[in-house]
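Student: I have a structure to work through. Can we go over it in short questions and answers?

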Amino acid sequence: MEYGMIPFPVDKTDMVENILLDLARFAPPPSHIGYPVNVSDSLRGGLSFMEGTGGVNGLFSGSLLPLTRVYVSMTNGEGNILVAADSMAERIRWISSRGGALAGGPFSRGVLKDLPGKDWSLVGITTPGWMLLFDEDALTAEQDALDSDIHVAYLPAGESVIGFLSPDRSTAETLSLLTEYLLSCLPFREGDE
């Protein structure tokens, strides 16, 4: 895991929301595996199966869904936002280019390879076009459209789940737990209870 940390004054809690929104609008650049090779037009048809890795019906496809987790730590009248992801460099550039979210403070110390030792609380998880929030009042999984670009998913705030999703967990561990937890939060079909 890699991390980015943003200090903020406690009276600027809207920065946390802005970071979540910016990260939900972030889509990592496509990875290019291998070396560029010129292929003659007569051979291109045989390689068509390699094209079109953009997903199905607007859904992301790739080795792992690019999750970004956002945590907050409040101590001694000072706040810190921690962003955790497999790769932080592009996310830092993305958020920094957005400007408004960082009016109170830039990423301090750039990309961090080690987890800063603070008491971190999970605020939310983002992936391209989605923000996942844990709601203490929700009984089942729900979703809402924030705008035309971002959907918000709400899951019940189970203490064991939130405790498991510490910043040092890998994306694979996080995805595995979230998939299982999301399935357990789905309501029964009407009449099938």
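Tutor: Start with one definition: a salt bridge is a side-chain nitrogen of Lys or Arg within 4 Å of a carboxyl oxygen of Asp or Glu. Keep in mind that this is a predicted model.

Student: How many salt bridges does a search of the whole structure find?

Tutor: The pairs to look for are a Lys or Arg nitrogen and an Asp or Glu oxygen, within 4 Å. A search of the whole structure on that basis gives a count of 4.

Student: Which residue forms a salt bridge with Lys113?

Tutor: Lys113 lies in the loop between strand 4 and strand 5, and its partner is in strand 1, so the pair ties together parts that are 111 residues apart in sequence. The N to O distance is 2.3 Å, and the partner of Lys113 is Glu2.

Student: Is Glu2 buried or exposed?

Tutor: Buried means under 20% relative accessible area. Glu2 has 13% relative accessibility, so Glu2 counts as buried.

Student: How many residues apart in sequence are the parts that Asp147 and Arg25 tie together?

Tutor: Asp147 forms a salt bridge with Arg25, with the closest N and O atoms 2.7 Å apart. Asp147 lies in the loop between strand 7 and strand 8, and Arg25 in the loop between helix 1 and helix 2, so the separation of the parts they tie together is 122 residues.

Student: What is the relative accessible area of Arg169?

Tutor: Arg169 forms a salt bridge with Glu173, and their closest N and O atoms are 3.4 Å apart. Glu173 counts as partly exposed at 35%. Arg169 is also partly exposed. Its relative accessible area is 25%.

Student: Now the strands. How many of the 8 residues of strand 3 are buried?

Tutor: Strand 3 covers residues 78–85 and is mostly covered. It is joined to strand 1 by 8 bridges, and to strand 2 by 7 bridges. Both pairings are antiparallel. The number of buried residues in strand 3 is 7.

Student: Which residue in strand 3 is the bridge partner of Tyr71?

Tutor: Strand 2 and strand 3 run antiparallel. Their hairpin has 2 residues between the strands, and Asn76 there takes a positive phi near 50°. Across the pairing, the partner of Tyr71 is Leu82.

Student: In strand 6, which residue is the bridge partner of Ile125?

Tutor: Ile125 is in strand 5 and stands opposite Arg69. In strand 6, the partner of Ile125 is Leu132.

Student: How much accessible area do Leu182, Leu183 and Leu186 have together?

Tutor: Leu186 is in the segment after helix 5. It counts as partly exposed, at 44% relative accessibility. Leu182, Leu183 and Leu186 form a nonpolar patch on the surface, and their accessible area together is about 280 Å².

Methods:
Residues are numbered from 1 along each chain as its sequence is written. This is a predicted model: local features need pLDDT of at least 70, side-chain atom pairs count only at pLDDT 80 or more; totals for chains, interfaces and linings use all residues. Side-chain values use heavy atoms; hydrogens and water are left out. Two strands pair if DSSP finds at least two bridges between them. Helices (H or I, at least four residues) and strands (E, at least two) are DSSP runs, numbered from the N terminus. Patches are made of residues with over 30% relative accessible area and no salt bridge: like charges are joined within 9 Å, nonpolar side chains (Val, Leu, Ile, Met, Phe, Trp, Tyr) within 5 Å. Accessible areas come from the Shrake-Rupley method with a 1.4 Å probe; for residues, only the protein chains shown count as cover. Buried means under 20% relative accessible area, exposed over 50%, partly exposed in between (1.4 Å probe, protein chains only).
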